[in-house]
Amino acid sequence: MIEIENVHKSFGSLKVLKGIDLTVAKGEVVSVIGGSGSGKSTLLTCINGLEPVDSGRILVEGVEVHARSTDLNKLRRKIGIVFQQFNAFPHLTVLENVTLAPRKVKGMSKREAEEIAVKQLDHVGLGDKKSVYPSRLSGGQQQRMAIARALAMSPGYMLFDEVTSALDPQLVGEVLDTLKLLADDGMTMICVTHEMGFARDVSDRVAFFDQGVMAEIGPPEQIFGDAKNEATRKFLSSVR
Amino acid sequence: MFETSLTLNDLMFMLKGAGVTLMVTFFAVTGGTLMGLAFGVIRAQFKPWVTLPLAFVLDIFRSVPLLIQLILANAFQAIAGYGISPFVTSCIVLALYTAAYCTEIVRGAIAAVPAVTRRAARSLGLTWRQDMTQVVFPMALRVALPSWIGLTLGVMKDSALVLWLGIIELLRASQILVTRLQEPMFILLVAGAIYFVLSFPIARLGAQLEKRWKEND
Amino acid sequence: MGNYTFQWRQALRALPQMLDGALVTMQIAILSMLIGVTIAVFLAVMRNSKSRWLRAPATAWVEVARNTPALFQIYMAHFGLGSFGIYLSPYVALLAGIAFNNAGYLCETFRGSLRAIPSTQLRAGRSLGMGPATAFRLIVMPQMFRIAFLPTMNQMVWAILMTSLGVTVGMSTDLTGVTQDLNARSFRTFEFFALAALIYYLITKVVMLGARLLAWRLFRY
């Protein structure tokens, strides 16, 4: 379970998050939508401790992320994150990209790590690209590799930060299919996304962010069919 | 108090040496840049294998120590009986040395102008000449200038080597004073300061130009 | 050409001696690079530090190395230190001067290659549970190494060319020094130095070719 309680965060004088409350249950898929600069991506980087928060707290399985006593490196093993830019490690092959963290962070043997990596790569449809360097992959393939890389740490939670925004339109589908597969497997996911179709079809709940505030949250049918908030309706009509 | 027997006259002697350094640099860079421009355009305009001989010859100037080039040129002109002064010989060698580097700067800068831009210029009806002078050179200049400034400063520093042919430039002048006054550290520090004053502001200017132009792109 | 006759045979007879000199040249160049790279890493770390007491000396080193002639730097080591009663042999002075120069230029090469790696790479490593040192070692360093490799090899070529300056402080065992010695005895300046030039040319070509092959072998991505 991820519990977010009254989180505030600002960059200099810019207030990015103004008191966010959100609880994501085990196995739940929550999509976060909203205009750019609404703070949705910042929330993800706060959840895995890449960014500190100003006030409020975030608990992952009861562990407070920003407590001084928390070992962030250990905590991050439980929380996978995939970014908009694929962040492939260019100097490593696809297989090495995926096995690096299991081996160096978890201390797995090479054999063990490769076994897991092969499974994950097959899962995202890159089984035949294991010995290729990322520069030879399309954007969609690189992004799927990044997903496999995060999954190889067997995290309990996955955060997706606009993972299709940097992709050519024809490559978006293959990445979304991978996410769907993951949701069907019961992974707990928070997806910041601009893909309304995906948010509607895959999520259990959809949250709408507006200027650092979570303006509305509810099941997709309600958000897309009968939004209560004026800003939500306005946003949805603009993206359609 | 620090005491030195370096007199104002001695300092003038060093500054005169610095003048020679600047003069050699000026002739070398002027000649080298003109040659470099011509060779660079040729290198950029024709297929690589056509200009291979030119590239090969220029590469020699970058692969053999400058000191050896100076010695060879001086020996050659003596053998041939040209009676060229060491100063002129030095300027010629340094100019060729400069040209070798300048050619690559010019070639690279022209190559950095996108082909589509050039096609656009030609499709507007510009002739090759107009394309070159109105489109390619202004764009290439931005790429080339920071490197060219670096090259000029490099040549100024490398010009110290002409002392081997008996030319009294800044470093040789300092060395003469060192021998006479026996204050090596102090005199060399003065020489180093003069080099630094000549080089550092221009180097900074080049770095700033490069930064500003990058931001504008 | 007047009545001068080239005597190449005499120069060729001295070839073994000159090749011995070339070995010394390579030795100085390689040593100066090893020392230079080591110091450059420290200088780069110092220049990127927050403390101005660390930054200032590193900046001074880099600016002096880049804004004064290499020959001046060698003179400083050979003549200049004499003011403090330190007398370096031509070999040590040459090595020190070139190493000083290498360190200054390589520091900037290393800093530039560090800047060329996007911060998102480090972030990606951290998000996989790596500590900062581990992420730097496994993700940033190997990429830095690739970017810095060819510029470093170029500096190696510069180091080889700079060794020729040793003759001005009395160095007589490197390629230029040996050649100058032979020249002083025979006055066959052109022949001997032409041969030396050819050897320098071949050395630099072999080094660059080796660097290219090594880069091709090392960096498959």
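1. A polar contact is taken here as a pair of N or O atoms within 3.5 Å; within protein, one must be able to donate a hydrogen and the other to accept it, and residues adjacent in sequence count only if both atoms are side-chain atoms. By that rule the side chain of A:Ser203 reaches the backbone oxygen of A:Ala199 at 2.2 Å, and a polar contact of 2.9 Å joins the side chains of A:Ser203 and A:Ser31.

2. The model is predicted, with local features needing pLDDT of at least 70 and side-chain atom pairs counting only at pLDDT 80 or more, while totals for chains, interfaces and linings use all residues. Residues are numbered from 1 along each chain as written, chains are lettered from A and ligands numbered from 1 in the order in which they are written, and side-chain values use heavy atoms, without hydrogens and water.

3. A:Ser203 lies in the loop between α7 (196–202) and β9 (205–210) of chain A, where helices (H or I, at least four residues) and strands (E, at least two) are DSSP runs numbered from the N terminus. This serine is buried, with a relative accessible area of 7% (buried means under 20%, exposed over 50%, partly exposed in between, with a 1.4 Å probe and protein chains only). Leaving aside residues up to four places away in sequence, A:Ser203 touches A:Val29, A:Ser31, A:Phe198 and A:Pro220, contact meaning heavy atoms within 4.5 Å.

4. Between chain A and chain C, the contact takes 24 residues from chain A and 17 residues from chain C. The two chains bury about 1,900 Å² between them, 65% of it on carbon and sulfur atoms; buried area is the accessible area (1.4 Å probe) that two parts lose on being put together, summed over both.

5. One salt bridge (a side-chain nitrogen of Lys or Arg within 4 Å of a carboxyl oxygen of Asp or Glu) is found across this interface. C:Arg123 forms it with A:Glu51, the closest N and O atoms being 3.8 Å apart. On the side of chain A that touches chain C, α3(A) gives the most, with three residues.

6. Chain A and chain B, by contrast, are joined by no contact, their closest C-alpha atoms lying 22 Å apart. Of the two pairs of chains that touch, chains B and C have the most contacts.
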